[in-house]
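Hi,

Here is the structure I said I would pass on to you. Have a look at it first, and then read on for what turned up in it.

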Amino acid sequence: MKSTTQPVKNISFLTGFFILLLSLLLIGCDSSPKGLVSYSGQTMGTTYHVTIVADQKVSIAQGDIDELLAGVNQTFSTYIDNSEVWLLNENKSDEWQKSSPALISLVAASQYISEASLGAYDITVAPLVDLWGFGPSFKPDDLPSQNDIDKVMQDIGYHKIIVNTEEGTLKKLSPNVHLDFSSIAKGYGVDEVANYIESRGFFNYMVEVGGEMRLRGHNPDGKKWRIAVEKPDSSKRSIQRVIKLSDIAVATSGGYRNFFIKDAVEYSHTIDPKTGNPVQHHLASVTVLSGECMTADAWATAFMVLGDKKGYDLAIEQKMAVLFIVKNGPEYHEVMTPEFKRLTQELVI
Ligand code: ADP
Ligand code: MG
């Protein structure tokens, strides 16, 4: 299998960096007003950026944020070979096992979204993600055979793990179930940092991890935050549109930064759990707005699996704020749900 793109880590870094750059340009902070503090660093194979606007001195240290995100990574990363998820994936026991509150709550949240998305979203896709060369293990040279796919499909299915939120325990119904939190952990990390900032008494901020964001209050100009939605074009970076938002989380999903081409066919890192194959459709990206970033993050992946038609119908049914960007030849066509239009009334461009 030949990858025509950079490894995931670099791509996410550039995407996050791109968004930061745009955000800084858009908030127009040539001079730092009193009480404007920015932090940035690396986490989860990507970058993070935090901006807090306050009248008083901001007493949050960079180390506090780094530590929080390192904790999230130590729970959910499949790239750290003693993370909680890595250990759970290695553990073939089908007995009830105690897990951390964070892991239990994300498994429960993921299963809720799996149900609601009719199985499009499914964190048990981990073996398929690996098979198609998008996981932490080695990258195969050839496409997987149908036989390879059929074999791992036996261990795919969000019903194959059950969780007892009261006891804080979970149980695999099939010993080879492997979990992949890549589509929700960045959003969860954003929520953790945002909640921490609020617990310290600050309510005007932007938190971003790998392009997923949560915004509250106002920017340094005392206005809503301006967020650039990237044009889902793998050949260059440009802005599709800029939206003004506050008191909400925003996440974008798309195959345009992480894919490979083989025999003129594009293979995306979003996998349809029903077929075991990367999704093949003309939906180029999905942007979801939601109160919590982890929800926005996971739903963005769910809609990428569903495609623009089924996805739009479900978004309407769920009253969700979603922007679908569909590629029609060289053109990018936008489809917005009424809720997305309502929350982003003041479109900048
Ligand atoms: P994007 O920004 O495109 O959403 P993410 O890294 O947030 O990228 O999520 C994509 C990752 O989610 C994939 O690389 C894979 O690890 C995992 N994934 C792929 N398909 C699914 C799916 N159907 N349900 C849940 N997770 C998935
Ligand atoms: Mg995502």
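Before the first residue, a word on terms: helices (at least four residues) and strands (at least two) are DSSP runs, numbered from the N terminus. One caution as well: this is a predicted model.

With that naming in hand, take valine 125. You'll find valine 125 in the loop between helix H4 (101-116) and helix H5 (126-131). Is valine 125 buried or exposed? Its relative accessible area is 10%, so valine 125 is buried, as that word is used for anything under 20%.

Helix H4 itself holds alanine 102. At 18% relative accessibility, alanine 102 counts as buried too. Along the chain, alanine 102 and tyrosine 188 are 86 residues apart, and 9.3 Å separates their C-alpha atoms.

Now the ligand. Which residues are closest to ligand 1? The shell has 20 residues, and the closest are Asp180, Lys186, Ser253, His269 and Ile271. Three of these put a side-chain N or O atom close to a ligand oxygen:

- Aspartate 180: a side-chain N or O atom is 2.5 Å from an oxygen atom of ligand 1.
- Serine 253: here, too, the distance from a side-chain N or O atom to an oxygen of ligand 1 is 2.5 Å.
- Histidine 269: the distance between a side-chain N or O atom and an oxygen of ligand 1 is 2.9 Å.

How much of the ligand does the protein cover? On its own, ligand 1 exposes 570 Å², and the protein buries 92% of that. Strand E10 (248-254) and helix H8 (293-317) are the elements that give two or more residues to the shell. Sorted by class, that shell has 7 nonpolar, 8 polar and 5 charged residues.

Next, the salt bridges. The structure holds 9 of them, and a few are worth a look on your screen.

Start with glutamate 339 and arginine 342, whose side chains meet at 2.8 Å, N to O. Both lie in helix H9 (residues 338-343), 3 residues apart, which is about one turn of the helix. Glutamate 339 is partly exposed, with a relative accessible area of 26%, and arginine 342 counts as partly exposed at 48%.

Aspartate 308 pairs with lysine 309, and the closest N and O atoms of that salt bridge are 3.3 Å apart.

Arginine 237 and glutamate 230 form another salt bridge, with 3.6 Å between the closest N and O atoms. Arginine 237 counts as partly exposed at 32% relative accessibility, whereas glutamate 230 is buried at 6%.

There is also a network of salt bridges, which links Asp191, Glu198, Arg214 and Arg216.

On to the backbone. Where is alanine 264? Look in the loop between strand E11 (259-262) and strand E12 (265-268). Alanine 264 counts as exposed, because its relative accessibility is 76% and the word applies over 50%.

The other is lysine 319, with a positive phi of about 55 degrees. Lysine 319 is in the loop between H8 and strand E16 (321-328), and at 67% relative accessibility lysine 319 counts as exposed.

Last, the surface. Trp96, Ile162 and Leu173 form a nonpolar patch there, and together they have about 280 Å² of accessible area. Tryptophan 96 belongs to the loop between helix H3 (84-90) and strand E3 (97-98). Tryptophan 96 counts as partly exposed, since its relative accessibility of 42% falls between the 20% and 50% limits.

Cheers

How values were computed: Residues numbered from 1 in each chain as written. Chains lettered and ligands numbered in written order. Predicted model: local features only at pLDDT ≥ 70, side-chain atom pairs only at ≥ 80, totals over all residues. Heavy atoms only, no water. Patch = residues over 30% accessible without salt bridge, like charges linked within 9 Å, V, L, I, M, F, W, Y side chains within 5 Å. Areas by Shrake-Rupley, 256 points an atom, 1.4 Å probe, with all protein chains shown as cover. Salt bridge = Lys/Arg side-chain N within 4 Å of Asp/Glu carboxyl O. Buried < 20%, exposed > 50% of the residue type's maximum accessible area, 1.4 Å probe, protein only. Near = heavy atom within 4 Å. Polar contact = N/O pair within 3.5 Å; in protein donor to acceptor, adjacent residues only side chain to side chain. Nonpolar A, V, L, I, M, F, W, Y, C, P; charged D, E, K, R; others polar.
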